[in-house]
Amino acid sequence: MQLGSGDARQPAPTPAQGPGPYALYHFGTSGGAVATATAVTHPLDVIKVRLQMQLAGQRGNLAGMGTIFTQMVEREGPRSLYLGLAPSLTRSVVYGGLRLGLYEPCKYVCSYAFGSMNFAFKFASGVVAGAFATALTNPMEVLKVRLQMSTSSTSAVGELRKVVAQEGLKALWKGVGPAMTRAGCLTASQMATYDEAKQALLKWTPLEEGSSCIAGTAGTLATAPVDMIKTRLMLQQESKGARVYRNGFHCAYQVVLTEGAKSLYKGGFATFARLGPQTTITFVVCEKLREFAGMKAI
């Protein structure tokens, strides 16, 4: 039977229709965006870890990003800048998908429960999403950091076997406390700031992309010291001359005591140099992927 010209036509279904496909696209676009940003900025992450492990347990003059970069390329080759890439990308897909993907559901739960979606609730939503994602993916972060400090050509699987055999299964969750704190602060500062900055920029200017730059700066300032502590805890078995850290607070105390308060920001510039572009790439790619999937913007 032919439809008349006045008959209503159903709109073509979008790829994200239905609860199953929507969840897949929702978490998939987030994970894909974070993995893309991670692949681009991974060399800066390796340099950041090397900077954070300088003169562990002692004071002295620190080398800068340029010096570390030159030393790595000369002594270990250009491939050393991509040490730990496999676990890093694996973690990015899972961690990124959960960290960004859970933010919106948490935000809407707060809106439903408290009747508000102000900055404080957005911040709290980011904390929950980031901490939960890190708790699940901490083993991949440990492997990534161990490989980034390794001068041998050990694979991710080989490093996993080594860690479990020598230190036990619990070693894969070393530094999980500071890691959850960092991820919670990072997600909260990034997502809440991005959310608010985007609304403000859309209201006053056409520069929507500027919100991702603002979010990256906020994320760096909020997480640099916690990121350094997390790295020390995950690597303390391989850190020559460093004391054994009992927990995050003890690590921070020992670092300040033996290396000075400024040492909490070791690798801070590298963190900013990496996290700024990474945040920008993540949000720009995520928004484009969501648009392509027929989903609304963040």
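Here are a few questions and answers about this predicted model.

Reader: Which helix of the protein chain has the highest confidence?

Author: Happy to start there. The chain averages a pLDDT of 82, and 88% of the residues score at least 70. Among the helices, the mean is lowest, at 78, in helix α8 (residues 210-235). The highest mean, 93, belongs to helix α2 (residues 65-76).

Reader: Is H250 buried or exposed?
Author: You will find H250 in helix α9 (residues 248-259). Beyond its neighbours within four places in sequence, H250 is in contact with V244 and Y245. Its relative accessible area is 12%, and buried means under 20%, so H250 is buried.

Reader: Which helix gives the largest share of the lining of the largest pocket?
Author: This pocket holds about 320 Å³ of space. Its lining has 17 residues, with R79, S80, L83, S152 and S153 nearest the centre. By kind, the lining divides into seven nonpolar, eight polar and two charged residues. The largest share, three residues, comes from helix α3 (residues 85-101).

Reader: And which helix gives the largest share of the lining of the second largest pocket?
Author: Here the volume is about 260 Å³. The lining residues include R50, Q71, R75, E76 and M149, and the lining as a whole divides into four nonpolar, three polar and three charged. Five residues, the largest share, come from α2.

Notes. Residues numbered from 1 in each chain as written. Predicted model: local features only at pLDDT ≥ 70, side-chain atom pairs only at ≥ 80, totals over all residues. Heavy atoms only, no water. pLDDT = per-residue confidence, 0-100. Helix = DSSP H or I, 4+ residues; strand = E, 2+ residues; numbered from the N terminus. Buried < 20%, exposed > 50% of the residue type's maximum accessible area, 1.4 Å probe, protein only. Contact = heavy atoms within 4.5 Å. 1 Å grid on protein atoms, 1.4 Å probe; cavity = no way out; pocket = protein on both sides within 12 Å on 5 of 7 lines; lining within 4 Å. Points joined across faces, edges and corners; volume = space filled by probe spheres on them. Nonpolar A, V, L, I, M, F, W, Y, C, P; charged D, E, K, R; others polar.
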